[in-house]
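Please read them with the coordinates open.

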Amino acid sequence: PDPILLLGRFALSAPYLESAIGNFGGLSNLSGMLADKGFPAPLAFAVIAAASELAGSAAVIDGFSGAEYLQFMKNVGFVDGFLVLAATEPGRFSFDA
């Protein structure tokens with residue numbers, strides 16, 4: 001069962017690992033996209049995003065619990081959402097408008 005579990009962990013992390021490698025290879029593209037969206041320090045955020053995907057993939061391959069990985073990715077999603085909120089205006093339907 002151990003080789004099968006290892007193969008399963010590789011398969012589970014493969015999409016994230018591929019994305020991380022692509023993001024590191026295209027940091028200028030990713031940071032340009034973030035800059036177009038108005039993110040401050042877009043290159044730093046691009047590096048953080050790629051490193052997060054790489055670290056998460058490595059954790060799953062290493063045998064880090066899948067449930068803990070899902071918690072980690074959920075938290076990354078929350079951080080992403082709050083960064084978007086911080087980088088944009090509240091819009092016309094806010095209480096501040």
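1. A helix here is a DSSP run of at least four residues, numbered from the N terminus. On that basis Val47 belongs to helix 3. The model is a predicted one, and the points below should be read with that in mind.

2. Val47 has a relative accessible area of 34%, so it is classed as partly exposed. Together with Phe24, Leu43 and Leu54, Val47 makes a nonpolar surface patch of about 310 Å². Helix 3 is the main contributor to this patch, supplying three residues.

3. Where does Glu53 sit? Its place is in helix 3, which spans residues 42–62. Glu53 is a buried residue without a salt bridge. The nearest side chain of opposite charge is that of Lys37, 16 Å away. A salt bridge would require a side-chain nitrogen of Lys or Arg within 4 Å of a carboxyl oxygen of Asp or Glu. I would look at this residue before the others.

4. Which side chain has a polar contact with that of Glu53? The partner is Ser19, and the contact is 3.0 Å. Apart from neighbours within four places in sequence, Glu53 is in contact with Tyr16, Ser19, Ala20 and Asn23.

5. Asn23 lies in helix 1, residues 2–25. Its relative accessible area is 18%, and the cut-off for buried is under 20%, so Asn23 counts as buried. The contacts of Asn23, with residues up to four places away in sequence left out, are Leu30, Ala50 and Glu53. Asn23 and Glu53 are 30 residues apart along the chain, and their C-alpha atoms are separated by 9.1 Å.

6. Is Ser57 buried or exposed? Ser57 has a relative accessible area of 0% and is therefore buried. This serine is found in helix 3. Beyond residues up to four places away in sequence, Ser57 touches Ser13, Tyr16, Leu17 and Tyr69. Tyr16 is also among the contacts of Glu53.

7. The backbone at Ala41 deserves a check. Phi of Ala41 is near 50 degrees, a positive value in a residue that is not glycine. Ala41 is placed in the loop between helix 2 (27–36) and helix 3. With a relative accessible area of 46%, Ala41 is partly exposed.

8. Val84 is found in helix 4, which covers residues 66–87. At 39% relative accessibility, Val84 is counted as partly exposed. Ser19 is the residue whose side chain makes the polar contact with Glu53.

Key: Residues are numbered from 1 along each chain as its sequence is written. This is a predicted model: local features need pLDDT of at least 70, side-chain atom pairs count only at pLDDT 80 or more; totals for chains, interfaces and linings use all residues. Side-chain values use heavy atoms; hydrogens and water are left out. Helices (H or I, at least four residues) and strands (E, at least two) are DSSP runs, numbered from the N terminus. Buried means under 20% relative accessible area, exposed over 50%, partly exposed in between (1.4 Å probe, protein chains only). Lys and Arg count as positive and Asp and Glu as negative; His and the chain ends are not counted. A polar contact is a pair of N or O atoms within 3.5 Å; within protein, one must be able to donate a hydrogen and the other to accept it, and residues adjacent in sequence count only if both atoms are side-chain atoms. Contact means heavy atoms within 4.5 Å. Patches are made of residues with over 30% relative accessible area and no salt bridge: like charges are joined within 9 Å, nonpolar side chains (Val, Leu, Ile, Met, Phe, Trp, Tyr) within 5 Å. Accessible areas come from the Shrake-Rupley method with a 1.4 Å probe; for residues, only the protein chains shown count as cover.
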